[in-house]
Amino acid sequence: MAGAPLARDIVTAGSVVLREPADEVPDSMLGTQELRDLVQSMIDTMRAAPGVGLAAPQIGVPLQIIVLEDKPEYLAAVAPELAEQQQRMPFEALVVINPRLRTLSDAGARFYEGCLSVPGYQALVERYISVEVEGLTVEGLPVRLQANGWQARILQHECDHLAGVLYVDRMLSRSFAARGAAGRLPQGVPAPGACRCCHPIDRAG
Ligand SMILES: [Zn+2]
C-alpha cells in the first residue's frame, strides 16, 4: 500500500486519551508491521494537517510514540527574523518510540505555540531551548537526539502529550489568542524571546 494515504482523524481537547499518560510500546511490538503502519499513519496525519509534530494519543492511540518534521515550505511562511529568533531550521521526519527527555540547561525561550488538538488557537509558552531525547527506532534500536531551538520545543510539546499534558497547561494564559488574531500583547504579558525556564519536564512513563 505504498503511498496510500493513511491519515487519521486528530483527537481534540476534551478527549480523555489526551489527558492520560501513554503506555510504553512493548518489546513485542518493536519491528512489527503493525508498528510501522501506525508510525506511517502518524506521519501522514501530521503532514495532512499540516503540523510539525504529532504524538500517538492525538490519533487516539495511548502509546509512547512521537513524530516530528519541519519542512522548508513551512518555514517559508515564517518571517525570517522570527525563524532566526526561534532557532527554527527544517529537518526531515523523525520518529522516537518511548522517548525520555532531559534538559541540557535552564536557558529557555518564550514563543507562540499551537497544537493540532487545540485547533484555532495559540499562546506564548516557555520551553527549554536545549534538550536531549533518548528512545528507540521503530525497529527497536536505540536512538539519541540533541536538539535546540524550535526542534527542542517540538520535542517538549510532543513528550508532554505522552504525559497527558497540553500546552494550555503551560501557557502564559493571558497571551491565549485565536490564531491570526494575536496583536499587541495585553498588559502583564512578557514579550516573546529568551527567558529562564524552570518548569518541570514531565517524563513519559
Ligand atoms: Zn500538540
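Visitor: Hi! Is Gly-164 buried or exposed?
Guide: Gly-164 is buried in this predicted model. Its relative accessible area is 8%, and the cut-off for buried is under 20%.

Visitor: Where does Gly-164 sit in the chain?
Guide: Gly-164 belongs to the loop between helix 4 and strand 8.

Visitor: And which residues is Gly-164 in contact with, leaving aside its neighbours within four places in sequence?
Guide: Gly-164 has contacts with Leu-18, Arg-19, Glu-20, Pro-21 and Asp-169.

Visitor: Changing topic to the metal. What are the protein donors of the zinc ion?
Guide: They are SG of Cys-115, NE2 of His-157 and NE2 of His-161, at 2.0 to 2.2 Å from the zinc ion. Along the chain, the donors follow the spacing C-x41-H-x3-H.

Visitor: OK, on to ring pairs. How many aromatic pairs are there in the whole structure?
Guide: The search finds 2. In one of them, the ring centres of Phe-111 and Trp-150 are 6.3 Å apart and the planes meet at 65°, so the pair counts as edge-to-face. Phe-111 is in strand 4 (residues 107–113) and Trp-150 is in helix 4 (residues 149–162), so this pair ties together parts that are 39 residues apart in sequence. Phe-111 and Trp-150 are both buried.

Visitor: What about the rings of Tyr-121 and Phe-176?
Guide: That pair is stacked, because the planes are at 10°, with the ring centres 4.9 Å apart. Tyr-121 lies in strand 5 (residues 121–128) and Phe-176 in the loop between helix 4 and strand 8, so the pair links distant parts of the chain, 55 residues apart. Tyr-121 is partly exposed at 37% relative accessible area, and Phe-176 is partly exposed at 34%.

Visitor: How do the lining residues divide into nonpolar, polar and charged?
Guide: The lining of the largest pocket has 17 nonpolar, 8 polar and 5 charged residues.

Visitor: Last topic, the backbone. Which peptide bond is cis?
Guide: The bond from Ala-49 to Pro-50 is cis, with omega near -15°. Pro-50 is in the loop between helix 1 (33–48) and strand 1 (53–55). For context, most peptide bonds are trans, and most residues other than glycine have a negative phi.

Visitor: What is the phi of Gln-87, then?
Guide: Gln-87 has a positive phi of about 50°, although it is not a glycine. Gln-87 is in the loop between helix 3 (80–85) and strand 3 (91–103), and is partly exposed at 37% relative accessibility.

Visitor: And Asn-98, what phi does that have?
Guide: Asn-98 has a positive phi too, near 50°. Asn-98 lies in strand 3 and is buried at 8% relative accessibility.

Conventions
Residues are numbered from 1 along each chain as its sequence is written. This is a predicted model: local features need pLDDT of at least 70, side-chain atom pairs count only at pLDDT 80 or more; totals for chains, interfaces and linings use all residues. Side-chain values use heavy atoms; hydrogens and water are left out. Rings of Phe, Tyr and Trp (its six-membered ring) pair if their centres lie within 6.5 Å; planes under 30 degrees apart count as stacked, over 60 as edge-to-face and the rest as tilted. Helices (H or I, at least four residues) and strands (E, at least two) are DSSP runs, numbered from the N terminus. Buried means under 20% relative accessible area, exposed over 50%, partly exposed in between (1.4 Å probe, protein chains only). Donors are N, O and S atoms within 2.8 Å of the metal (3.2 Å for Na, K and Ca); water is not among the atoms, so sites may look incomplete. Ala, Val, Leu, Ile, Met, Phe, Trp, Tyr, Cys and Pro count as nonpolar, Asp, Glu, Lys and Arg as charged, and the others, Gly among them, as polar. Contact means heavy atoms within 4.5 Å.
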